Amino acid sequence: MMMSLSRGAVASGRSILGRQLGASSCLATSATTRTRTTAVSTPSFSFYSTTRATSATAVPSDASSDDPPVIVRDGPNLPVDVDHYTSGWNVQDIDDFVSAPGKYRVHTYNKVSPIGLAKFPAQFYIVEDAVTVKKEHTTSVAPQAQALLLRSHKLQVDEIDYPVRAIARCGAGTNNIPVAACTEMGIPVFNTPGANANAVKELILCALLLGSRKIVDGVNHMKSLGEQGLAREKVEKDKAMFGGCEVRGKTLAVIGLGHIGASTARDATHLGMNVQGYDPGLSVHSALQLPRDITLTDSIASAVTNADYISINIPYIKGTVEEGGTHGIIGKDAIAHFKPNAVLVNFARGELVDSQAMLEFLDSPTVSGKYISDFPDDVLWNHENAILLPHLGASTAEAEDEAASMAAQTIREYLEHGTIRHSVNFPNTSLPERHDRVIRITVVNQNIPGMLSKIMECLGRSGLNIAQQINQSRGDIAYNVIDLDPSVHVDGKQVMLKELQKEITMLEGVLSSRILFGSPGIAYARNINGKYYA
């Protein structure tokens, strides 16, 4: 079954997207009454906006002028420093406290783009190479990080110290991070979807040309002739051996229409190709990026039938198709629908293709097709109709810069504001900024019934007013961002942040909590098997 994506469908997608965005709201709650209402009058706030409340303190950054300024959530003579977590403080005397300096510490693995690392302003961040730090502290305790930033390093659980609040990978895949263990510890894992999309898309377009013209064979032949000193003599005669065809007018099937797939489909139409695609989980955002004339199908078999070129752009999920995974999803059943001259392009994951089934296809005497992949293959590595590249898809300076910059931004958003986006294990969560006197608390807990009410009861007993809050969940995890307004409280009530945070953190089902107020990097607590770590 096929259908074209018309202008009306795109317009409909925009209206759906508008409704989704319009439906987002936060909750304003009084802790003393615990009555939940929608805060419709709260002004919206974007992390990338330079507009802040007039009383907020913007700290200049070493990075470019396009980067968001660091906002110190303490205002004039209104901080919470380390002493508050040992002695507590009275909200009536809040203006008398003096801020203590502090910095967030980020440890990196692999060589991360300096352009990305420049997104961390030196005034509030210490960025260090994790391996170097450990080597320099072989006989002493190494400083522990609040966040980890990595590329291809295979992260082990024992490398995640207790103070780590966030982990970000400069890339889309997170197979090198123990995501399940991080979820159990209440640590969000971030990736950078789309950061390398253009780099991979360009190489896919290159692969289409490699599959249509015998470019690699021609290059190797010219080297052979050059070694013999016969290049000028035989080049015109031998070029007939390497004839090919143009991609214009041919049909491209795109399996998976995310960032890379949609971009590939769009540019393929500019080359004059007919494009048909399949993606059962097509998002509104991706649909809006598709070319008008794409034909959408209801299965992989429908998409690849009559296709001259096939580009696979889907994530790898362990397990067979029958088990809900994508291992070997391009196997005998899918390949049976290939045209004899079909060219399969795989710049997603090597495990998506059943190598043995592909070998049988390429070995068939009636087949002139090709397989072009960006991954090693023990079965097809020396086949005359297979071209294997050494995982070059995202290997451009621009892609590495973009991925590192996006990873740094998501870490900053989370550490400074509690905002979550581009996480693979936590729900997207964003709460608008209020004024600088607001004390923001974040709580990570197991997604079980009754947790929100227990947290609200703790805050209610403190006598502090909740200016706004939001609660989101994803799978086994729930995440809360709560703004407390100390200017509205029960008169004479002494509020001990130390005790309040401990009481919340030690609730059964709570994994961790943070107080985002005053000195950066402090006030993080975890509930580890019923023991309090702060």
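1. A residue is called exposed when its relative accessible area is over 50% and buried when that value is under 20%, with partly exposed in between. On this scale Asn 529, at 78%, is exposed. The structure discussed here is a predicted model.

2. Asn 529 sits in the loop that joins β22 (524-528) to β23 (531-533). Its phi is near 55°, a positive value in a residue other than glycine. Most residues other than glycine have a negative phi. Asn 306 is a further case, with a positive phi near 70°. Asn 306 belongs to the loop between α11 (300-304) and β14 (309-312), and with a relative accessible area of 54% Asn 306 is exposed.

3. Helix α6 covers residues 197-212; at 1.5 Å a residue, its 16 residues should span 22 Å, and the 23 Å between its end C-alpha atoms agrees with this.

4. Helix α15 (residues 451-462) may be examined in the same way. Its 12 residues should span 16 Å at 1.5 Å a residue, and its end C-alpha atoms lie 17 Å apart, which agrees. The buried residues of α15 include Met 451, Leu 452, Ile 455, Met 456 and Cys 458. Just after the helix, Gly 463 adopts a positive phi of about 85°.

5. The structure contains 11 salt bridges. In one of them, the side chains of Arg 151 and Glu 400 meet at 3.3 Å, N to O. This pair connects distant parts of the chain, 249 residues apart: Arg 151 is in the loop between β8 (147-150) and β9 (166-169), whereas Glu 400 is in helix α14. Arg 151 is partly exposed, with a relative accessible area of 27%, and Glu 400 is partly exposed at 31%.

6. Glu 413 and Arg 421 also form a salt bridge, at 2.7 Å from N to O. Glu 413 is buried, because its relative accessible area is 2%, while Arg 421 is partly exposed at 24%. His 422 lies in the loop between α14 (397-417) and β18 (439-446), and its relative accessibility of 26% makes it partly exposed. The C-alpha atoms of His 422 and Ala 407 are 9.0 Å apart in space, with the two residues 15 apart in sequence.

7. Two further sets of charged residues deserve mention. Arg 349 and Glu 351 form a salt bridge in which the closest N and O atoms are 3.4 Å apart. Arg 349 is partly exposed at 25%, as is Glu 351 at 32%.

8. A negative surface patch is made up of Asp 217, Asp 354, Glu 360, Asp 363 and Glu 384. Glu 384 is exposed, with a relative accessible area of 68%, and is located in the loop between β16 (370-373) and β17 (386-388).

9. Phe 361 is part of helix α13 (residues 355-363). With a relative accessible area of 9%, Phe 361 is buried. Its C-alpha atom is separated by 9.9 Å from that of Tyr 371, which is 10 residues away along the chain.

Notes
Residues numbered from 1 in each chain as written. Predicted model: local features only at pLDDT ≥ 70, side-chain atom pairs only at ≥ 80, totals over all residues. Heavy atoms only, no water. Helix = DSSP H or I, 4+ residues; strand = E, 2+ residues; numbered from the N terminus. Expected span 1.5 Å × (residues − 1). Buried < 20%, exposed > 50% of the residue type's maximum accessible area, 1.4 Å probe, protein only. Patch = residues over 30% accessible without salt bridge, like charges linked within 9 Å, V, L, I, M, F, W, Y side chains within 5 Å. Areas by Shrake-Rupley, 256 points an atom, 1.4 Å probe, with all protein chains shown as cover. Salt bridge = Lys/Arg side-chain N within 4 Å of Asp/Glu carboxyl O. Lys, Arg positive; Asp, Glu negative; His and termini not counted. Charge placed at Lys NZ, Arg CZ, Asp CG, Glu CD.
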